[in-house]
Amino acid sequence: MVIHEVFGLNAHIRRVASRFADEGYAALAVDLFSGGNRGLCLLRVMGGIMLRPLNNSGLRDLRASIDWLGQRPEVDASRIGVIGFCMGGGYALALACVDDDVKAASVFYGMNPRPLSALARACPIVGSYPEKDFTRKAAIKLEEELTRCRIAHDIKIYPGARHSFFNEDGKTYDAGAATDSWRRSLDFFAAHLGPT
């Protein structure tokens, strides 16, 4: 499952889902802003992750999407992974901590769950973070906590990269970091979800 940034379900996120499909995965790009007025949806989703990071309406919508995916004939419900970017990365981390159906999570410049101790029950996590961004400190704390909890992980901070470095449509796109982080995510999913 692919979880978008604050920009919503745009062409970039659709391409990420298509890239997963090209790799042999069944991929669903969820639109967290589909429930009505975009501004109100953004407030609801962002407010939820800030005020109730492990129990909010956005997380419930994502869990319902995982349930739907698990019922699809082309999906092995025992091998569900999530990937998220920025806000979506925060949601991917939250799902990794609260949804037993999620077996691996890939996080791009997402904020950590609160409390951080929730990571004790997380699935394996691969994280990709830019050096020149507010999420760099989150990456350091994430790696420390995952190591302490003995959760399988691969966290990398990309030197010189900025927020949204994976978005090829954005001004801060970094081809080297994007290529490497994509390969790391695919390798991590193959290792923890099994081959496609």
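Biologist: Is D187 buried, partly exposed or exposed?

Modeller: This is a predicted model. The relative accessibility of D187 is 44%.

Biologist: Which residues does the network of salt bridges that share partners join?

Modeller: Salt bridges with shared partners make one network here. The residues joined are R15, E168 and D169.

Biologist: How far apart are N and O in the salt bridge of R183 and D187?

Modeller: R183 and D187 are both in helix 6, four residues apart, or about one turn of the helix. R183 has 42% relative accessibility and therefore counts as partly exposed. The side chains of the two meet in a salt bridge, and the N to O distance is 3.5 Å.

Biologist: How many residues apart in sequence are the parts that E168 and R15 tie together?

Modeller: E168 and R15 form a salt bridge whose closest N and O atoms are 2.4 Å apart. E168 is in the loop between strand 6 (153–162) and helix 6 (175–193), while R15 is in helix 1, so the pair ties together parts whose separation in sequence is 153 residues.

Biologist: Is E168 buried, partly exposed or exposed?

Modeller: The relative accessibility of E168 is 31%. That value puts E168 in the class partly exposed.

Biologist: What is the distance between the closest N and O atoms of R15 and D169?

Modeller: R15 has 31% relative accessibility and counts as partly exposed. D169 is exposed, at a relative accessible area of 52%. The two form a salt bridge, with the closest N and O atoms separated by 2.5 Å.

Biologist: How many residues apart are R15 and D169?

Modeller: R15 belongs to helix 1, and D169 to the loop between strand 6 and helix 6. The pair links distant parts of the chain, and the separation is 154 residues.

Biologist: How many salt bridges does the structure hold?

Modeller: Among them are the pair E168 and R15 and the pair R183 and D187. The total for the structure is nine.

Biologist: Why does H4 count as buried?

Modeller: H4 sits in the loop between strand 1 (2–3) and helix 1 (11–22). Beyond four places in sequence, the contacts of H4 include L9, I13, V30, F33, F85 and M87. H4 counts as buried because its relative accessibility is 0%.

Biologist: Which residue has its backbone nitrogen 3.0 Å from a polar side-chain atom of H4?

Modeller: The contacts of H4 also include D31, L32 and G88. The backbone nitrogen lying 3.0 Å from a polar atom of the H4 side chain belongs to L32.

Definitions and conventions. Residues are numbered from 1 along each chain as its sequence is written. This is a predicted model: local features need pLDDT of at least 70, side-chain atom pairs count only at pLDDT 80 or more; totals for chains, interfaces and linings use all residues. Side-chain values use heavy atoms; hydrogens and water are left out. Helices (H or I, at least four residues) and strands (E, at least two) are DSSP runs, numbered from the N terminus. Buried means under 20% relative accessible area, exposed over 50%, partly exposed in between (1.4 Å probe, protein chains only). A polar contact is a pair of N or O atoms within 3.5 Å; within protein, one must be able to donate a hydrogen and the other to accept it, and residues adjacent in sequence count only if both atoms are side-chain atoms. Contact means heavy atoms within 4.5 Å. A salt bridge is a side-chain nitrogen of Lys or Arg within 4 Å of a carboxyl oxygen of Asp or Glu.
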